[in-house]
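This report covers pockets and aromatic contacts. Keep the model open alongside the text.

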Amino acid sequence: IATYHSNQTRKGLIFIPGIRPGEGSTMKHDVLVFSDPGKTRINIIPEKLSSTDTLLVFCIRDAEDKAALETLCRDAEATRIITYGRYDDETLNTAELKKYAQYSGLIYMGTQYEQVVETDYSIEDPDTESGFAETRADITEVRLQKKSYMQRQIDAIRDGGAAGGDYVTQEQLASVESSVIQIEGALMGEEDNNGD
(Lines give C-alpha, C1' and ligand atoms only; values in the text may rest on other atoms or scores of the structure.)
Protein backbone atom coordinates (compact mmCIF):
# COMPACT_ATOMS: atom_id res chain seq x y z
CA ILE A 1 0.00 0.00 0.00
CA ALA A 2 1.34 3.42 -0.84
CA THR A 3 1.01 6.30 1.53
CA TYR A 4 2.01 9.91 1.19
CA HIS A 5 2.77 12.70 3.54
CA SER A 6 1.37 16.19 3.23
CA ASN A 7 3.55 18.97 1.99
CA GLN A 8 2.59 22.55 2.88
CA THR A 9 3.26 23.81 -0.63
CA ARG A 10 1.82 20.89 -2.56
CA LYS A 11 -0.37 18.67 -0.42
CA GLY A 12 -0.13 14.92 -0.71
CA LEU A 13 2.80 14.57 -3.06
CA ILE A 14 5.55 12.95 -1.04
CA PHE A 15 4.92 9.30 -1.84
CA ILE A 16 6.28 6.70 0.55
CA PRO A 17 5.41 3.31 -0.98
CA GLY A 18 4.92 0.34 1.28
CA ILE A 19 5.40 1.99 4.66
CA ARG A 20 3.27 4.15 6.91
CA PRO A 21 4.68 6.66 9.39
CA GLY A 22 5.87 4.86 12.51
CA GLU A 23 5.94 1.41 10.90
CA GLY A 24 8.90 -0.74 10.05
CA SER A 25 12.61 -0.15 10.43
CA THR A 26 14.88 2.56 9.13
CA MET A 27 14.74 2.63 5.35
CA LYS A 28 16.40 4.40 2.50
CA HIS A 29 14.31 5.40 -0.50
CA ASP A 30 15.35 6.34 -4.02
CA VAL A 31 13.71 9.69 -4.63
CA LEU A 32 13.38 12.58 -7.04
CA VAL A 33 13.38 16.01 -5.40
CA PHE A 34 11.75 18.78 -7.42
CA SER A 35 12.74 22.46 -7.33
CA ASP A 36 9.34 23.85 -6.29
CA PRO A 37 9.34 25.98 -3.08
CA GLY A 38 8.36 22.96 -0.94
CA LYS A 39 11.11 20.73 -2.47
CA THR A 40 8.59 17.97 -3.20
CA ARG A 41 10.12 14.51 -2.80
CA ILE A 42 8.72 11.49 -4.65
CA ASN A 43 9.76 7.87 -4.16
CA ILE A 44 10.66 6.19 -7.44
CA ILE A 45 11.60 2.72 -8.68
CA PRO A 46 15.37 3.14 -9.27
CA GLU A 47 15.57 0.43 -11.95
CA LYS A 48 13.00 2.34 -14.01
CA LEU A 49 14.86 5.69 -13.98
CA SER A 50 16.49 6.60 -17.31
CA SER A 51 17.47 9.70 -19.21
CA THR A 52 18.80 10.93 -22.53
CA ASP A 53 19.73 14.43 -23.66
CA THR A 54 16.05 15.16 -24.30
CA LEU A 55 14.03 12.66 -22.22
CA LEU A 56 13.70 11.78 -18.51
CA VAL A 57 11.64 8.71 -17.58
CA PHE A 58 10.74 7.60 -14.06
CA CYS A 59 8.19 5.28 -12.46
CA ILE A 60 6.27 5.43 -9.21
CA ARG A 61 4.74 2.49 -7.38
CA ASP A 62 1.11 2.91 -6.24
CA ALA A 63 0.89 6.68 -6.80
CA GLU A 64 -2.23 7.82 -4.95
CA ASP A 65 -2.65 11.39 -6.17
CA LYS A 66 -2.04 11.34 -9.92
CA ALA A 67 -3.67 14.73 -10.47
CA ALA A 68 -1.19 16.34 -8.07
CA LEU A 69 1.67 14.45 -9.74
CA GLU A 70 0.58 15.73 -13.15
CA THR A 71 0.33 19.29 -11.81
CA LEU A 72 3.85 19.01 -10.39
CA CYS A 73 5.27 17.66 -13.65
CA ARG A 74 3.64 20.46 -15.67
CA ASP A 75 5.15 23.14 -13.40
CA ALA A 76 8.18 24.61 -15.21
CA GLU A 77 9.68 25.96 -11.97
CA ALA A 78 9.28 22.62 -10.16
CA THR A 79 10.92 20.70 -13.02
CA ARG A 80 13.67 23.28 -13.65
CA ILE A 81 16.07 21.16 -11.58
CA ILE A 82 15.18 17.60 -10.53
CA THR A 83 17.57 15.87 -8.14
CA TYR A 84 17.89 12.09 -7.94
CA GLY A 85 19.01 10.90 -4.52
CA ARG A 86 18.61 8.48 -1.63
CA TYR A 87 16.45 9.63 1.28
CA ASP A 88 17.28 8.25 4.74
CA ASP A 89 14.32 7.89 7.14
CA GLU A 90 16.62 8.04 10.16
CA THR A 91 18.65 11.17 9.33
CA LEU A 92 15.89 12.80 7.21
CA ASN A 93 18.59 13.73 4.69
CA THR A 94 18.82 13.07 0.97
CA ALA A 95 22.18 12.01 -0.47
CA GLU A 96 22.29 13.60 -3.93
CA LEU A 97 23.34 11.22 -6.71
CA LYS A 98 22.51 13.10 -9.92
CA LYS A 99 20.73 16.23 -11.15
CA TYR A 100 18.59 16.81 -14.23
CA ALA A 101 17.95 20.28 -15.67
CA GLN A 102 15.24 21.69 -17.95
CA TYR A 103 13.10 18.54 -18.33
CA SER A 104 9.98 20.68 -18.24
CA GLY A 105 7.63 19.16 -20.82
CA LEU A 106 5.29 16.43 -19.59
CA ILE A 107 4.68 14.28 -22.66
CA TYR A 108 3.32 11.09 -21.07
CA MET A 109 1.87 9.82 -17.81
CA GLY A 110 0.22 6.40 -17.69
CA THR A 111 -0.42 3.60 -15.21
CA GLN A 112 -0.15 -0.16 -15.65
CA TYR A 113 -2.28 -1.87 -13.03
CA GLU A 114 -1.53 -5.00 -10.99
CA GLN A 115 2.02 -5.47 -12.22
CA VAL A 116 4.22 -8.10 -10.55
CA VAL A 117 6.95 -6.22 -8.71
CA GLU A 118 8.31 -8.98 -6.51
CA THR A 119 8.24 -12.78 -6.43
CA ASP A 120 9.00 -14.75 -3.25
CA TYR A 121 10.36 -18.08 -4.47
CA SER A 122 10.38 -19.48 -0.93
CA ILE A 123 6.55 -19.53 -0.81
CA GLU A 124 4.55 -21.60 -3.28
CA ASP A 125 1.23 -20.20 -4.48
CA PRO A 126 -0.79 -22.21 -7.03
CA ASP A 127 -3.04 -19.20 -7.70
CA THR A 128 -0.29 -17.12 -9.36
CA GLU A 129 1.16 -17.42 -12.84
CA SER A 130 4.66 -18.04 -11.50
CA GLY A 131 3.50 -20.59 -8.94
CA PHE A 132 5.09 -18.55 -6.13
CA ALA A 133 3.93 -15.71 -3.88
CA GLU A 134 3.81 -12.46 -5.86
CA THR A 135 3.55 -8.85 -4.82
CA ARG A 136 1.65 -6.70 -7.27
CA ALA A 137 1.44 -2.93 -7.60
CA ASP A 138 0.18 -0.21 -9.91
CA ILE A 139 3.13 1.36 -11.76
CA THR A 140 2.80 4.92 -13.02
CA GLU A 141 5.32 5.97 -15.68
CA VAL A 142 6.16 9.63 -16.28
CA ARG A 143 8.09 11.00 -19.26
CA LEU A 144 9.45 14.53 -19.23
CA GLN A 145 10.93 16.09 -22.36
CA LYS A 146 13.71 18.64 -22.56
CA LYS A 147 13.75 21.11 -25.42
CA SER A 148 16.89 21.16 -27.50
CA TYR A 149 19.42 23.90 -26.83
CA MET A 150 18.47 25.61 -30.08
CA GLN A 151 14.75 25.51 -29.22
CA ARG A 152 15.48 27.01 -25.80
CA GLN A 153 17.45 29.79 -27.54
CA ILE A 154 14.48 30.48 -29.83
CA ASP A 155 12.18 30.60 -26.80
CA ALA A 156 14.54 33.06 -25.11
CA ILE A 157 14.51 35.28 -28.21
CA ARG A 158 10.73 35.09 -28.37
CA ASP A 159 10.38 35.84 -24.64
CA GLY A 160 12.91 38.67 -24.87
CA GLY A 161 10.99 40.28 -27.70
CA ALA A 162 7.71 39.95 -25.82
CA ALA A 163 9.27 41.48 -22.71
CA GLY A 164 10.46 44.54 -24.58
CA GLY A 165 14.04 43.37 -25.10
CA ASP A 166 15.69 43.18 -28.49
CA TYR A 167 13.04 43.45 -31.18
CA VAL A 168 12.62 40.35 -33.34
CA THR A 169 10.13 40.21 -36.19
CA GLN A 170 7.90 37.19 -36.70
CA GLU A 171 9.61 36.62 -40.05
CA GLN A 172 13.05 36.55 -38.40
CA LEU A 173 11.84 34.16 -35.73
CA ALA A 174 10.18 31.88 -38.31
CA SER A 175 13.39 31.88 -40.34
CA VAL A 176 15.48 30.91 -37.30
CA GLU A 177 13.00 28.16 -36.33
CA SER A 178 13.04 26.78 -39.89
CA SER A 179 16.85 26.75 -39.92
CA VAL A 180 16.97 24.96 -36.57
CA ILE A 181 14.55 22.28 -37.77
CA GLN A 182 16.67 21.76 -40.90
CA ILE A 183 19.89 21.55 -38.88
CA GLU A 184 18.40 19.15 -36.34
CA GLY A 185 16.96 17.02 -39.15
CA ALA A 186 20.33 16.93 -40.90
CA LEU A 187 22.09 15.94 -37.67
CA MET A 188 19.57 13.19 -37.00
CA GLY A 189 20.03 11.97 -40.59
CA GLU A 190 23.80 11.92 -40.15
CA GLU A 191 23.46 9.95 -36.93
CA ASP A 192 21.15 7.44 -38.65
CA ASN A 193 23.58 7.09 -41.57
CA ASN A 194 26.52 6.65 -39.22
CA GLY A 195 24.68 3.86 -37.45
CA ASP A 196 24.12 1.88 -40.68
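For the lining classes below, Ala, Val, Leu, Ile, Met, Phe, Trp, Tyr, Cys and Pro count as nonpolar; Asp, Glu, Lys and Arg count as charged; the others, Gly among them, count as polar. By that scheme, the lining of the largest pocket holds 11 nonpolar, 7 polar and 6 charged residues. The model is predicted.

**Pockets**

Strands S3 (28-33), S6 (55-61), S9 (105-124) and S10 (132-145) each give at least two lining residues. S9 has the largest share, with 7 residues.

The second largest pocket has a volume of about 230 Å³. Helix H2 (residues 149-162) makes the largest share of its lining, 4 residues. The lining splits into 1 nonpolar, 6 polar and 5 charged residues. Among them are Arg152, Asp155, Ala156 and Asp159.

**Aromatic pairs**

The count is 3 aromatic pairs. Two are tabulated here.

| Pair | Centre to centre | Angle between planes | Geometry |
|---|---|---|---|
| Phe34 and Phe58 | 6.4 Å | 65° | edge-to-face |
| Tyr121 and Phe132 | 5.1 Å | 70° | edge-to-face |

Tyr121 is in strand S9 and Phe132 in strand S10, so this pair ties together parts 11 residues apart in sequence. Tyr121 is exposed, at 59% relative accessible area. Phe132 is partly exposed, at 25%. Phe34 and Phe58, by contrast, are both buried.

**Charges over rings**

Arg41 lies over the face of Tyr87, 3.7 Å from the ring centre. The charged end of Arg143 sits over the Tyr108 ring, 4.3 Å from its centre.

Terms used
Residues are numbered from 1 along each chain as its sequence is written. This is a predicted model: local features need pLDDT of at least 70, side-chain atom pairs count only at pLDDT 80 or more; totals for chains, interfaces and linings use all residues. Side-chain values use heavy atoms; hydrogens and water are left out. On a 1 Å grid over the protein atoms alone, a cavity is a set of points where a 1.4 Å probe fits but cannot get out, and a pocket is an open set with protein on both sides within 12 Å along at least five of seven lines; lining residues have an atom within 4 Å of a point. Grid points are joined across faces, edges and corners, and a volume is the space filled by probe spheres set on the points. Rings of Phe, Tyr and Trp (its six-membered ring) pair if their centres lie within 6.5 Å; planes under 30 degrees apart count as stacked, over 60 as edge-to-face and the rest as tilted. Buried means under 20% relative accessible area, exposed over 50%, partly exposed in between (1.4 Å probe, protein chains only). A charge sits over a ring if NZ of Lys or CZ of Arg is within 6 Å of the ring centre and within 35 degrees of the ring normal.
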